[in-house]
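Reader: I am new to this structure. Please show it to me, and let me ask about the terms as we go.

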Amino acid sequence: MLGRRGRLIMLATGVAGAVAIMPSVPAAASVPAAGSVLAAGSVSARADVVRDSQQWVLDMLDVPAAWSVTKGAGVTVAVIDSGVDPKITDLKGSVVPGHDFTGLNTQPGSSHWGEHGTWMASIIAGHGHDGGVDGITGIAPEAKILSIRVIPDHDDPGYRAYDSEPEQRIQKSLADGIVAAVNGGARVISMSIGYSAPSGAVRAALQYAAAHGAVLIASSGNSGHDDQRHDAPVSFPAEYPGVLSVGALDSHGKAAGFSSNNLSVKVAAPGVGVPAQGRDGMYWTVDGTSPACALVAGVAALIVSKYPRLSPALVLQALTTTARNGRPHAYNALTGFGTVDAAAALSAAGGLMTVRPAGSQVAPSARFGGGPAAVPAPPVPPRGIGELVLFMMLGVISLVLAGGAVLVLRAARSPRGGRPGSHAAGYRSPSEYGSGQAGHVRAPGYRPDAGYAVPRTERGAPDDQG
């Protein structure tokens with residue numbers, strides 16, 4: 001397993017020694033324990049062993065029945081991984097080289113470039129060789145693969161430099177890879193990778209992908225344990241909304257002990273001893289939720305091939321509602337809604353294509369809450385124009401009367417001894433208070449020579465200009 005101090009998890013294997021080399025044996029013999037190498041070639045006996053060894057995987061997912069409907073023609077599946085070698089026999093002509101966002105100088109010709117990604121691509125879209133009768137047959141053998149490199153393999157010469165990159169830089173590589181996959185025409189995006197923390201940049205990229213019609217599939221993670229008594233930590237991008245998280249099964253259809261068990265898991269597929277072709281041309285068996293993710297991505301490609309106008313949400317609905325889990329519509333954190341069934345999912349997708357929204361039972365003219373007729377009458381009737389004019393006139397009259405009353409009260413409070421020529425009752429002429437500016441009193445009772453003094457009579461009105 002490739003790891004980055006618990007933050008970045010490359011989901012190639014779940015346990016030590018889980019990636020095994022398939023042995024070279026006669027066609028009639030069963031496949032014994034792992035240990036020797038089976039090279040890709042034109043000898044049918046060796047290729048028959050490969051084809052026979054993967055039959056249980058195809059049967060568990062009911063893929064042969066789905067192939068009578070489609071084999072994935074016209075669909076591009078983006079493999080966001082460590083890169084895909086386009087030269088291996090079982091993928092020749094099916095791989096479109098894409099961007100490399102790792103920032104490393106490792107060249108595709110390196111034997112440690114694209115190990116994991118090539119395995120995953122062969123599981124999705126391997127078409128065999130020698131006329132298709134030999135080698136690996138993927139779930140969607142007529143689909144195209146778009147290689148998007150966002151992580152290195154653990155044996156990559158640049159892995160140590162990559163491992164020292166900041167987390168933000170690591171996750172931005174994934175976000176950029178998702179956007180590049182969409183812009184490269186991918187309708188299905190397979191992500192057999194995992195991070196232990198979310199990223200806003202990745203989430204935005206996934207939203208961009210879903211908005212452009214891409215179906216998103218990811219590994220649930222290899223953090224499970226044999227007792228399964230506690231939920232495993234979630235893995236991203238499997239945990240993001242709109243992404244189908246895939247758990248791993250063994251050859252008996254039981255949840256693999258290493259497969260992460262948590263509520264992000266939606267469906268399951270084989271993940272123990274899944275045959276794949278490596279970039280070295282050899283055939284390998286691969287363990288982990290990585291191959292499980294690749295298998296389901298292949299099934300999604302079949303659905304998109306047959307029904308290209310189906311939305312990503314409905315593709316995921318077809319996959320989850322037809323999954324087999326012992327009890328109809330049952331769910332558990334180990335296998336989600338159950339084992340993916342390719343033929344049943346295709347059939348359900350066809351039904352979803354014909355479904356039209358049910359007509360509303362409410363007339364278009366209807367209003368929420370009953371409309372104006374349901375509004376109660378106001379407690380006080382609205383005023384007419386005549387009443388408004390009357391109230392305005394009464395208001396003006398009231399103001400006039402109030403003003404008159406104020407004048408009467410002011411006159412009543414003024415001293416009776418006011419002399420002719422004074423400006424107001426109770427207002428003394430400047431000469432009465434001593435010298436000062438003629439016609440102006442600075443303040444009631446003010447005398448320039450003595451300051452403020454109380455006149456013989458009560459204080460006059462507020463200061464005014466004569």
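**Terms set against values**

Reader: What makes K71 a charge over the ring of W67?

Author: The charged end of K71 sits over the ring of W67, 5.5 Å from its centre. The definition asks for NZ of Lys or CZ of Arg within 6 Å of the ring centre and within 35 degrees of the ring normal. The distance of 5.5 Å therefore meets the distance cut-off.

Reader: What kind of model is this, and how are residues numbered?

Author: This is a predicted model, where local features need pLDDT of at least 70 and side-chain atom pairs count only at pLDDT 80 or more, while totals for chains, interfaces and linings use all residues. Residues are numbered from 1 along each chain as its sequence is written, and side-chain values use heavy atoms, with hydrogens and water left out.

Reader: Why is the aromatic pair of F236 and Y240 called tilted?

Author: A search of the whole structure finds four aromatic pairs. F236 and Y240 form one of them, at 5.1 Å centre to centre with 55° between the planes. Rings of Phe, Tyr and Trp (its six-membered ring) pair if their centres lie within 6.5 Å; planes under 30 degrees apart count as stacked, over 60 as edge-to-face and the rest as tilted. At 5.1 Å and 55°, the two rings therefore pair and count as tilted. Both F236 and Y240 are buried.

Reader: Why is T339 called buried?

Author: Its relative accessible area is 9%. Buried means under 20%, exposed over 50%, and partly exposed in between (1.4 Å probe, protein chains only). So T339 counts as buried. T339 lies in the loop between α9 and α10 (342-354). It touches M60, L61, L249, A268, A323 and R324, not counting residues up to four places away in sequence. Contact means heavy atoms within 4.5 Å.

Reader: What makes β4 largely enclosed by the rest of the structure?

Author: Six of the six residues of β4 are buried, so the strand is largely enclosed. T76, A78 and I80 point one way from β4, and V77, V79 and D81 point the other way. Helices (H or I, at least four residues) and strands (E, at least two) are DSSP runs, numbered from the N terminus. The chain has eleven helices and 17 strands.

Reader: How do you know that β4 pairs with β8 and with β9?

Author: Two strands pair if DSSP finds at least two bridges between them. Six bridges join β4 to β8 (residues 144-149). Three bridges join β4 (residues 76-81) to β9 (residues 188-191). A78 stands opposite L146 in β8, and its bridge partner in β9 is I189. V77 has V188 as its bridge partner in β9.

Reader: Which strands are the edge strands of the sheet, and why?

Author: The open sheet has seven strands in the order β5-β8-β4-β9-β11-β12-β13, with parallel pairing. The edge strands are β5 (95-100) and β13 (265-270), because each pairs on one side only.

Reader: What share of the chain is buried?

Author: Buried residues make up 46% of the 466 residues in the chain. Among contacts between residues at least 6 apart in sequence, 73% join residues at least 24 apart.
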